[in-house]
Amino acid sequence: MLPSERRDFIYRYVHEYQTVSINDLVELMNVSHMTVRRDIRMLEEEGKVIGISGGVKLNDALRQELSWSEKARLHHLSKRAIGKFANTLVEDGQVVYLDAGTTTFEIARVLGERFNLTIVTNDFSILQYLMNKSQLNLYHTGGQVDKRNYSSVGNTAAMMLKTLNIDIAFISTSSWDLLHGVSTPHEEKVQIKQILLDVARRCVLVSDSSKYGKYGMFRVCSLNQLHDIICDDHLSQDVAQQLTEQNINLYLIKS
């Protein structure tokens, strides 16, 4: 592997397993301990990970998200289970918004088999997948293109959403918790997600448990501004109890 490929691998692997030992990384990449430590040090300087005794963990303060293709490889079973459950919340004839993301893509896979729905999205992968589903009405927000995440972001996309009345919006995130709410490291994503709180009758956060406890620089909303949260059943019992105590509708789906 090239040095940049090694660091990408480490960052992606830590995203999946949260805490990883240096010995595991040495074996996985077939390199020396010194090489792994040097790569970890560079990732630390970028604010992506934190070195711990004998290993490395993801920095809770999220500086950068993985790309769409990298995220698609992680926690696939949990995302698919969340997608199948989300489908049960959608009624025939509704206008449904699917936020950009790999979890919402799994919702699109299920909704794509339905009839009499209107789908709105800012995600080009979702758009491409649903393009051949002639029984669905399909809208894309347009706007500034985020090539890394295959989506549209920014003011133009947000202004398009302002013209709509949406029945149910499935909102994605790479970071959320009770203290920081829904957040993102990318300012250009905030406006779209915040407008959904105004134009959608029901806002549903969809996220696997690996993203809980992370936070980005830019705050979208507090969790109690959402109507529902759909997550996998690996979310800790303490966190689940705190969420339900705040009257948040929480669905923990077995993956």
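Reader: Are α1 and α2 oblique or perpendicular to each other?

Author: This is a predicted model. In it, helix α1 (residues 3-17) and α2 pack at an angle of about 130°. Angles from 65 to 115 degrees count as roughly perpendicular, and those over 145 as roughly antiparallel. The pair is therefore oblique.

Reader: How far apart are the axes of α1 and α2?

Author: Their axes are 12 Å apart. The crossing of α1 and α2 is right-handed.

Reader: And what about α2 and α3, at what angle do they cross?

Author: Roughly 110°. Helix α2 covers residues 22-29 and helix α3 covers residues 33-45. Their axes come within 9 Å. So α2 and α3 are roughly perpendicular to each other.

Reader: Which hand does the crossing of α2 and α3 have?

Author: Right-handed, as α2 passes α3.

Reader: Back to α1. Is I10 buried or exposed?

Author: I10 lies in helix α1. Its relative accessibility is 0%, so I10 counts as buried.

Reader: How far is I10 from V49 in space?

Author: They are 9.5 Å apart, C-alpha to C-alpha. In sequence, I10 and V49 are 39 residues apart.

Reader: New topic. How many salt bridges does the structure hold?

Author: It holds 10 salt bridges. Side chains of opposite charge can pair when their charged atoms come close.

Reader: Which residue pairs with D92?

Author: R114 does. The closest N and O atoms of D92 and R114 are 3.1 Å apart.

Reader: Is D92 buried or exposed?

Author: D92 is exposed, because its relative accessible area is 57%. R114 is buried, with a relative accessible area of 16%.

Reader: What joins the side chains of E106 and R109?

Author: A salt bridge, at 3.3 Å from N to O. E106 and R109 are three residues apart in helix α6, so about one helical turn separates them.

Reader: How accessible are E106 and R109?

Author: E106 counts as buried, at 6% relative accessibility. R109 counts as partly exposed, at 30%.

Reader: What about D167 and R201, what do their side chains form?

Author: D167 and R201 meet in a salt bridge, 3.2 Å from N to O. This pair links distant parts of the chain: D167 is in strand β9 (residues 166-171) and R201 is in strand β12 (residues 200-206), 34 residues apart.

Reader: Which residues do salt bridges with shared partners join into one network?

Author: R6, R7 and D39.

Reader: Last topic, the surface. Which residues make the nonpolar patch?

Author: F124, V145 and Y150 make the patch. Its area is about 250 Å².

Reader: Where does Y150 lie?

Author: Y150 lies in the loop between β7 (144-146) and β8 (151-153).

Reader: Why is Y150 called partly exposed?

Author: Because its relative accessible area is 36%. Buried means under 20% and exposed means over 50%, so Y150 falls in between.

Conventions
Residues numbered from 1 in each chain as written. Predicted model: local features only at pLDDT ≥ 70, side-chain atom pairs only at ≥ 80, totals over all residues. Heavy atoms only, no water. Patch = residues over 30% accessible without salt bridge, like charges linked within 9 Å, V, L, I, M, F, W, Y side chains within 5 Å. Areas by Shrake-Rupley, 256 points an atom, 1.4 Å probe, with all protein chains shown as cover. Salt bridge = Lys/Arg side-chain N within 4 Å of Asp/Glu carboxyl O. Helix = DSSP H or I, 4+ residues; strand = E, 2+ residues; numbered from the N terminus. Buried < 20%, exposed > 50% of the residue type's maximum accessible area, 1.4 Å probe, protein only. Axes fitted to C-alpha atoms, helices over the stretch in contact; angles between N-to-C directions. Parallel < 35°, antiparallel > 145°, perpendicular 65-115°, else oblique. Left-handed = near helix turned anticlockwise from the far one by under 90°.
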